[in-house]
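Look at the strands first, then at the space beside them.

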Amino acid sequence: MRLNRYLAACGLGSRRSCEGLVREGLVRINGAVCRELATQVEPGDRVEVEGSFVRPQAEATVLLHKPRGYLTTRRDERGRRTVYDLLPPEWSGLQYVGRLDRDSEGLLLLTTSGEISQRLTHPRHAVDKEYEAQLNRPLRETDRRRLVAGVELEEGVARAALVRLLSPRCCRIVIRQGWNRQVRRMFEALGFEVMQLVRVRVGNLHLGELPPGRWRVLGEGEVAALLGERS
């Protein structure tokens, strides 16, 4: 297995970021520093990164329906509930991909794959993230147009790729940026309060009928689709 792919399979990030570890001389194979990106790791080779032995993890990607009231973090100093409280102990090493704030709910991915994390979070991939928002007052057509045209936030102009009304106070909104609490702040910029926010889709993955607090493991075809590959 090529070295960068091996390191990514160990949970050390995307293949590109793992190449940086090699270039910086932080990787040793059988005790010798390796800076050659084309190196093939053979069965029985001992690979170390910054002095620690590493080996590939069993890859898993889980789709969780995060309930309201849970934090997207590994642990909380105040003892509040986190999404890891909903998972089996053997999945404590999964990394969440993007966040949902405590008051938001819906589709959250957790994975051992650095490639999936990079694919879904890097701005150049512009992956759709679709939310259903319940608002404190009716959304007018002028408001919908402003969300699509863009509203000014601290980071810059935030735009919705699509806003579709389901009822006067409920809509579906699709974004391709990934700023902190972006959807809530976009509505707040127009004077709205978001009463409920549910992420219902990421890319071509849908939350569907999965109940809050429940999870399922993605199949090979779903993982391949996330990576833009054929299954």
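Buried means under 20% relative accessible area, exposed over 50%, and partly exposed in between, with a 1.4 Å probe and protein chains only. Helices (H or I, at least four residues) and strands (E, at least two) are DSSP runs numbered from the N terminus. The model is predicted: local features need pLDDT of at least 70, side-chain atom pairs count only at pLDDT 80 or more, and totals for chains, interfaces and linings use all residues. Residues are numbered from 1 along each chain as its sequence is written, and side-chain values use heavy atoms, leaving out hydrogens and water.

Start with β7. Of its 7 residues, 7 are buried, so β7 is largely enclosed by the rest of the structure. Two strands pair if DSSP finds at least two bridges between them. β5 (residues 61-66) runs antiparallel to β7, with 6 bridges. Here Lys66 partners Gly106. β6 (residues 95-97) is also antiparallel to β7, over 3 bridges; Val97 partners Leu109. β13 pairs with β7 in the parallel sense over 2 bridges, and Gly106 stands opposite Arg199.

Another sheet is open, has 4 strands and runs β2-β1-β3-β4 with antiparallel pairing. β2 (32-33) and β4 (52-53) are its edges, each pairing on one side only.

Now the largest pocket. It holds about 640 Å³ of space. Its lining has 34 residues, with Gly98, Arg99, Gly178, Trp179 and Arg199 nearest the centre. β7 (105-111) and β13 (194-202) are among the elements that each supply at least two lining residues.

A pocket is an open set of points on a 1 Å grid over the protein atoms alone, where a 1.4 Å probe fits, with protein on both sides within 12 Å along at least five of seven lines; lining residues have an atom within 4 Å of a point. Grid points are joined across faces, edges and corners, and a volume is the space filled by probe spheres set on the points.
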